[in-house]
Amino acid sequence: MKRVLVTGAASGIGAQTCVTLRAAGWDVVAADRMPGEGIVALEVTSEENWNAVVANAWPLAALVNCAGVRSRFPIPDMALTEFDRLLHILVSGSFIGIKAFATRAKADGRGGAIVNIASVVSTHAVGGQVHYVAAKAGVAGLTRASAVELATDGIRVNAIAPGVIRTPMTADRLGDPEQLAWLKNRVPMARVGEPSDIADAVEFLLSDRASYITGVVLPVDGGWTAS
Ligand SMILES: NC(=O)c1ccc[n+]([C@@H]2O[C@H](COP(=O)([O-])OP(=O)(O)OC[C@H]3O[C@@H](n4cnc5c(N)ncnc54)[C@H](O)[C@@H]3O)[C@@H](O)[C@H]2O)c1
């Protein structure tokens, strides 16, 4: 059975990804900074923590970088510490994971597959969260650059760019009728996405059915970025 490490596994998209991948026959190592049953403790901004978790879980065939946070501040109120915090978690946190995975995979002469969770805002900006938009654009660049560099090692690196998905991260916006109406109006399919919409795409990109796909940032957004 092939083993995969999933970060952000305690909630939302990461939790559903664990369920979907287990159903597809993967041996899933679930990791998060929030403790929980069956969850390995991992703070993605700590290289030491990443190295220990990857060493314990090795051999891994795949990695899903799903851990993330979001906040909203207009630019004048955006503290540099908050700007840096998001970039650190979303971009550096994903990079350290790719580094830990690729270092061991290359040393063993093993290939593998990595999926990062980007966002529609990787390409289509929204206001009020300049740090999140910058970070998710960074995740898309990190995905493409890693895919190019690791291609001849047999390590595929792709990303999913979700639209608005019903998780604890979006609960505040989806609980506000005005925001919900705006969001549905923004999406050609006129509905919010579910964590399973993303998890199914992750499962495909990790599978051998995607064996010639690398460096892709795949929108799963009900048509948001097509319009
Ligand atoms: N929900 C959406 O609409 C949406 C849209 C686009 C992208 N995303 C991205 O999808 C990913 C998952 O989001 P979600 O909606 O499931 O959110 P969520 O809040 O439900 O889950 C995020 C998980 O990440 C974990 N986490 C946060 N910071 C961490 C850290 N430093 N180290 C380890 N774990 C950490 C949290 O503990 C939590 O369990 C995030 O990267 C998010 O940016 C979500």
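**Salt bridges and cysteines**

Arg166 is partly exposed, at 44% relative accessible area (buried is under 20%, exposed over 50%, partly exposed in between; 1.4 Å probe, protein chains only). The model is predicted: local features need pLDDT of at least 70, side-chain atom pairs count only at pLDDT 80 or more, and totals for chains, interfaces and linings use all residues. Residues are numbered from 1 along each chain as its sequence is written, and side-chain values use heavy atoms, without hydrogens and water.

The partner of Arg166 is Glu194. The two residues form a salt bridge, with the closest N and O atoms 3.2 Å apart (a side-chain nitrogen of Lys or Arg within 4 Å of a carboxyl oxygen of Asp or Glu). Arg166 sits in the loop between strand 6 (155–162) and helix 5 (171–174), and Glu194 in the loop between helix 6 (177–186) and helix 7 (195–206), so the pair ties together parts 28 residues apart in sequence (helices, H or I, of at least four residues and strands, E, of at least two are DSSP runs, numbered from the N terminus). Glu194 is partly exposed too, with a relative accessible area of 29%.

In total, 10 salt bridges were counted. Among them is the pair of Arg3 and Asp27, whose closest N and O atoms are 2.9 Å apart. Arg3 belongs to strand 1 (residues 3–7) and Asp27 to strand 2 (residues 27–32), so this contact links parts that are 24 residues apart in sequence. Arg3 is partly exposed, at 25% relative accessible area. Asp27 is likewise partly exposed, at 25%.

A further salt bridge joins the side chains of Glu203 and Arg209, at 3.4 Å from N to O. Glu203 is buried, with 15% relative accessibility. Arg209 is exposed, with 55%.

Cysteines were examined next. The search of the whole structure found 0 disulfides (pairs of cysteine sulfur atoms within 2.5 Å). For Cys18, the closest cysteine sulfur is that of Cys66, 8.5 Å away, which is too far for a bond. Viewed from Cys66, the closest cysteine sulfur is in turn that of Cys18. Cys18 is buried, at 3% relative accessibility. Cys66 is buried as well, with a relative accessible area of 13%.
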